[in-house]
Number of protein chains: 2
Amino acid sequence: MNTLRFDFTNVLADAVGPKHGLTEAELAAITGPSRQALARVQARRDADLRWLDLPYQADVLSAIESFAASVRGRFDNVVVCGIGGSALGTIALHAALNAPTHDLAPTGGIPRLFVLDNVDPDWIADVLGRLDPARTLVNVISKSGGTAETMSQFLIFRDRLVKALGEEAHREHLVVTTDEHKGVLREIVEREGYASFVVPDGVGGRFSVLSPVGLLPAALVGIDVRELLAGAAYMDQRCRVEAFDENPAQVHAAVQYLMQTAKQKPIAVTFAYSHRLRLAADWYAQLLAESIGKRADRDGNDVFAGPTPVRAVGVTDQHSQVQLYVEGPFDKWFTLLSVERPERTLEIPHAFADLEGVAYLGGRDMGELFHAERDGTRIALTEAGRPNATLSLERVDAHGLGQLIQMLEVSVAIMGEHYGVDAFDQPGVEAGKIAAYALMGRAGYEERRAAIEAASGRAPRVV
Amino acid sequence: MNTLRFDFTNVLADAVGPKHGLTEAELAAITGPSRQALARVQARRDADLRWLDLPYQADVLSAIESFAASVRGRFDNVVVCGIGGSALGTIALHAALNAPTHDLAPTGGIPRLFVLDNVDPDWIADVLGRLDPARTLVNVISKSGGTAETMSQFLIFRDRLVKALGEEAHREHLVVTTDEHKGVLREIVEREGYASFVVPDGVGGRFSVLSPVGLLPAALVGIDVRELLAGAAYMDQRCRVEAFDENPAQVHAAVQYLMQTAKQKPIAVTFAYSHRLRLAADWYAQLLAESIGKRADRDGNDVFAGPTPVRAVGVTDQHSQVQLYVEGPFDKWFTLLSVERPERTLEIPHAFADLEGVAYLGGRDMGELFHAERDGTRIALTEAGRPNATLSLERVDAHGLGQLIQMLEVSVAIMGEHYGVDAFDQPGVEAGKIAAYALMGRAGYEERRAAIEAASGRAPRVV
């Protein structure tokens, strides 16, 4: 079976010394708090942390599979209008489970996927111009229905569809994922009669990939969402285990917390030695940064907490970031994402046998080189006193991705307990949003606009 | 004229307070050292820092333009086999200057571009399977000719071309960029008679984008390389100016150095508010990390220096990283990349006029929303005491990109002087490379292999 494994050998003092690595005493001291943290998280399963139960939604799964089956073959393009938690999981799943060049030349009747998680007109206008409305399905995703980026895209795509296909037929090209009852988008669904799915309560954006937010677009591009949830359910069981040493979420969360607080490593590098898994690092970067990056602890004291996620790709970043990783400040720890069995083989042919500089490569599989470089980097990091762990899958498949997602979500929930912060809010994004509304001249934000204009009198310093 | 501007208003104490922002006294104190640093860098222009003069290589430019013209219309695909400095600049230029969806459906006779800066067989085998050899041109790039990743790819693509097109004709599909005299790749060029270009001496990988390393693939995908160099030459003149306040490279380098050393901000976030410029952040991440991330200063003392580059995209990361940026540790400073005039307009249509939650968007251009969000983020960061600067272009064109590249290269060279490190070597990448060679069983590395095997007796800790 394809089981997710967390190898933390090289974060231990044995491997990198006690200044940078964890001692057995430090690990032993956190097992009690870890068990308590897990218990507090699991106790909220039926209350506000409903995302823990997403692996078990049989009805939703069937509804999504039916919808995907009902539109099969009708569309060449699936467009997701969504951002943040409504985009990053879907992007990661598509990159992991469809062929890397799928969108260049779709095969097997599976549409191209465009996840539009920005509002740069240079990008959106370009995408819009390439798509045949008659062959395009748009999935609009916003829990609140109030996300300005997503609603702008919705208005633009809706207009394009109506003009191309007519008021009636355009409805077949839109499917909405939003709150069951509340919000502008739900109101629009009811007026227009769009197909729709529900973002359930107790499922925050960054914990929503296994809800219809991620499952629907995944199913539309041919991903086996049943296997995805089966993997997540399997991992959910592993993540309920009380024994610290047997629960990967407990160990992972403890290592992250101790690396930052006991070993002064504020930077958490996810180093994906897998082209397919490289965008899973972006998904995890949101999960970690938005959950733990908090000004206040639960008692309201200023703590300015949070690790900074950094995303790297192996072997690519060996030629870009590894110089810094091996020789720079001791302010980082590393998690390699690793796949033991690539799907493809690719033999390097023999040639130029008299030139030693290339001859040693002949007859080897490219995967051997890839793994030798991964192992070489792991050795170099360890020898330089840089703690590094490895999250590995035997192979990249839907079951394995489901495991990875569920494990990291539970881990981050446990981390919230260790750090003493609320892992499920995001108060720090409001200020920028309100300033943007004010600058856009939205009703109700006039006072903020006046304040911004008054404050902007500072003389600019420009060169 | 499209002039690069560096706005550092919000890194000053006036904007974010003296604990996190630079005081006028701190800026004044660095002007002398900065002028001296600049003088030391410029004095090496004709000696070992030959990359400073890349904007002025008229002959090379003509040769590249001629080669590109001679193959125009013959290829649908350009494949670059190269990694690190042989890849990141090209990736950034293509993303900035060709349409975002160009590679999905090439227009104007411009080929698709594949820059293969990894050796994951799942990716490389997939790309290889999609390309028609008869319509593919492969550019192999390695200064030394010894880069294992690049040489593996070369052997694989050469074999594919020979089998598809024959021993004779395959030569028309390969062009090599390497050292003028030395190395295996130059030897192969001479045996096989491949077309070739030169990576000049005094031009390290991460400073090579304006040499044939970046210029050739750029020209092959229709980029105006003459304008690119004109922009770089214009910026070279600006970067020679002695007066601190008038030289963007001096100011930029000083701000980076002071942010890390005087204000304890080890993390440098490049926050690209531009889909087109988002990959320029990856290019800069290599330049910064590999140049300044050094264990030893020039006297050989351990300093473990170096800022950690982090790449973010606006508005996307407002929904992922901004929570951490606004509320987390005060260990970061920010450089927004900004484009004042997007190329495209995209009006948000009026609809649902009675629903205030969307109605305020109707009739606005998407670019207005994009800029309001950028400004909102800038305001929120500043009000939270987070120093932020803005590097802006009026628009994204080849001239502007040339300016950006030259400015950042000169800035990093000056930073090397401030930090007291050699900005032009990368000793820290050797250890991993040697370990990989040993694991691959390459001749001459037997001893290292034995040492690795002896050391790997540590009991694994896995959950």
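In what order do the strands of the open sheet of chain A lie? The views below take up this sheet and then move on to other parts of this predicted model.

**View 1. The open sheet of chain A has 5 strands.** Their order is β1-β10-β9-β7-β8, and the pairing is mixed. At the edges stand β1 (5–7) and β8 (308–313) of chain A; each has a single partner strand, so one side of each is left without a neighbour in the sheet. From one strand to the next, the twist averages 20°.

**View 2. Strands β9 and β10 of chain A run parallel, with a helix packed on their sheet.** Follow β9 (residues 332–339) and β10 (residues 388–393) of chain A, and you will find 6 bridges joining them. One place to look is A:V339, which stands opposite A:L393 in β10(A). Helix α14 (residues 366–383) of chain A packs on the sheet, where it touches β7 (267–273), β9 and β10 of chain A. The direction of helix α14 makes about 160° with that of β9(A).

View 3. A rotation of 180°, with 0.0 Å of shift along its axis, superposes chain B on chain A with an RMSD of 0.0 Å.

**View 4. B:F154 belongs to the largest nonpolar core.** This core has 116 residues, and those with the most contacts inside it are A:F154, A:Y325, B:F154 and B:Y325. In soluble globular proteins, nonpolar side chains tend to be buried together. Apart from its neighbours within four places in sequence, B:F154 is in contact with B:C81, B:V140, B:L174, B:I188 and B:Y194, and also with A:F352 from chain A.

**View 5. A:E290 is one of the annotated "active site" residues of chain A.** The unreviewed UniProt entry gives this annotation to A:E290, A:H319 and A:K433. These residues span 144 residues in sequence and their farthest two C-alpha atoms are 37.4 Å apart, so they do not all gather at one spot. A:E290 lies in helix α11 (residues 280–292) of chain A. Is A:E290 buried or exposed? With a relative accessible area of 6%, A:E290 is buried. Leaving aside neighbours within four places in sequence, the contacts of A:E290 include A:R206, A:D425, A:Q426 and A:V429, along with B:Q318, B:H319, B:S320 and B:Q323 of chain B.

Notes:
Residues numbered from 1 in each chain as written. Chains lettered and ligands numbered in written order. Predicted model: local features only at pLDDT ≥ 70, side-chain atom pairs only at ≥ 80, totals over all residues. Heavy atoms only, no water. Least-squares fit on C-alpha atoms with pLDDT ≥ 70 in both. Core = buried A, V, L, I, M, F, W, Y, C linked by side-chain atoms within 4.5 Å. Buried < 20%, exposed > 50% of the residue type's maximum accessible area, 1.4 Å probe, protein only. Contact = heavy atoms within 4.5 Å. Pairing = 2+ DSSP bridges. Helix = DSSP H or I, 4+ residues; strand = E, 2+ residues; numbered from the N terminus. Axes fitted to C-alpha atoms, helices over the stretch in contact; angles between N-to-C directions. UniProt positions renumbered as here; feature names shortened; annotations may be inferred.
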